[in-house]
Amino acid sequence: MTAADIAIYSGYAFLSTNVAYGLFSYDLPARSSENKAAKKAALGHYASRKTTLPYKVLPVFCVSLFGGLAANAYQRRDVASLVAFAVAFPTMMNNGGRVLSPLMQLANKKESDELKVLASVFKGHVIDIVGMVAMLGLTLYAQKQ
């Protein structure tokens, strides 16, 4: 196992756990129920998450995953590693557009439709999970070759 693999797996473990936590603890309950308490809990969580430790160290793991994928693609130079690296770009763009931007508007108390924000975050987290599973699968496939 190389340093690139360790960077990929540590980044993947932290980020996928963080996204899955948000998806299953807040996004799905807020989306699938008419319960206003679930929506209020999700909005409260996302509005105040800047103060939590996992949110503060999140960029380190994003860079770890991206750097590991880049190093892996450079070292192995096979199709699976290159595709895994390529999948990182739309996943990052999705996260910025569908998750971070709406949540920053929500946290900064700008005019935003709270239901649209929650719907966007839900879609973004689902797409993030798909992208991360694809990156992990391609990385594991490249290792076995």
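Biologist: Which residues is I8 in contact with, leaving aside its neighbours within four places in sequence?

Modeller: This is a predicted model, where local features need pLDDT of at least 70, side-chain atom pairs count only at pLDDT 80 or more, and totals for chains, interfaces and linings use all residues. Residues are numbered from 1 along each chain as its sequence is written, and side-chain values use heavy atoms, with hydrogens and water left out. Contact means heavy atoms within 4.5 Å. On that basis, the partners of I8 are S64, L65, G68, L69, N72 and T139.

Biologist: Is I8 buried or exposed?

Modeller: Buried means under 20% relative accessible area, exposed means over 50%, and partly exposed lies in between (1.4 Å probe, protein chains only). I8 has a relative accessible area of 2%, so I8 is buried.

Biologist: Where is the place of I8?

Modeller: Helices (H or I, at least four residues) and strands (E, at least two) are DSSP runs, numbered from the N terminus. By that numbering, I8 sits in helix α1.

Biologist: How many residues does the largest nonpolar core have?

Modeller: A nonpolar core is a set of buried Ala, Val, Leu, Ile, Met, Phe, Trp, Tyr and Cys residues joined through side-chain atoms within 4.5 Å. In the largest one, the residues with the most contacts inside it are I8, L15, L65, L69, M132 and M135. Its residue count is 13.

Biologist: Which helix gives the largest share of this core?

Modeller: At least two residues each come from α1 (3–32), α3 (53–76), α4 (79–107) and α5 (114–144). The largest share is five residues, and it comes from α1.

Biologist: Which residues does the second, separate core include?

Modeller: This second core has eleven residues. Among them are Y26, A30, L43 and V121.

Biologist: At what angle do the axes of α3 and α5 cross?

Modeller: Axes are lines fitted to C-alpha atoms, for helices over the stretch in contact, and angles run from 0 to 180 degrees between N-to-C directions. The axes of α3 and α5 come within 12 Å. They cross at roughly 30°.

Biologist: Which residues of α3 and α5 meet, and what are their classes?

Modeller: From α3 come L65, L69, N72 and R76, and from α5 come M135, T139, A142 and Q143. Ala, Val, Leu, Ile, Met, Phe, Trp, Tyr, Cys and Pro count as nonpolar, Asp, Glu, Lys and Arg as charged, and the others, Gly among them, as polar. By class, the contact has four nonpolar, three polar and one charged residues.

Biologist: How many aromatic pairs does the structure hold?

Modeller: Rings of Phe, Tyr and Trp (its six-membered ring) pair if their centres lie within 6.5 Å; planes under 30 degrees apart count as stacked, over 60 as edge-to-face and the rest as tilted. By this rule, the structure's aromatic pairs number six.

Biologist: Why is the pair of F14 and F61 called stacked, and what does it tie together?

Modeller: The ring centres of F14 and F61 are 4.2 Å apart and the planes are at 15°, so the pair is stacked. F14 lies in helix α1 and F61 in helix α3, so the pair ties together parts separated in sequence by 47 residues.

Biologist: What kind of aromatic pair do Y21 and Y26 form?

Modeller: Centre to centre, the rings of Y21 and Y26 are 5.7 Å apart. The angle between the planes is 85°, and the pair is edge-to-face.

Biologist: Is Y26 buried or exposed?

Modeller: Y21 has 43% relative accessibility and counts as partly exposed. Y26 has 17% relative accessibility, so Y26 counts as buried.

Biologist: Where does R77 lie?

Modeller: Phi of R77 is near 50°, a positive value in a residue other than glycine. R77 is exposed, with a relative accessible area of 55%. R77 lies in the loop between α3 and α4.

Biologist: How many helices does the protein chain have?

Modeller: Along the sequence the pattern is α-α-α-α-α. The chain has zero strands, and its helices number five.
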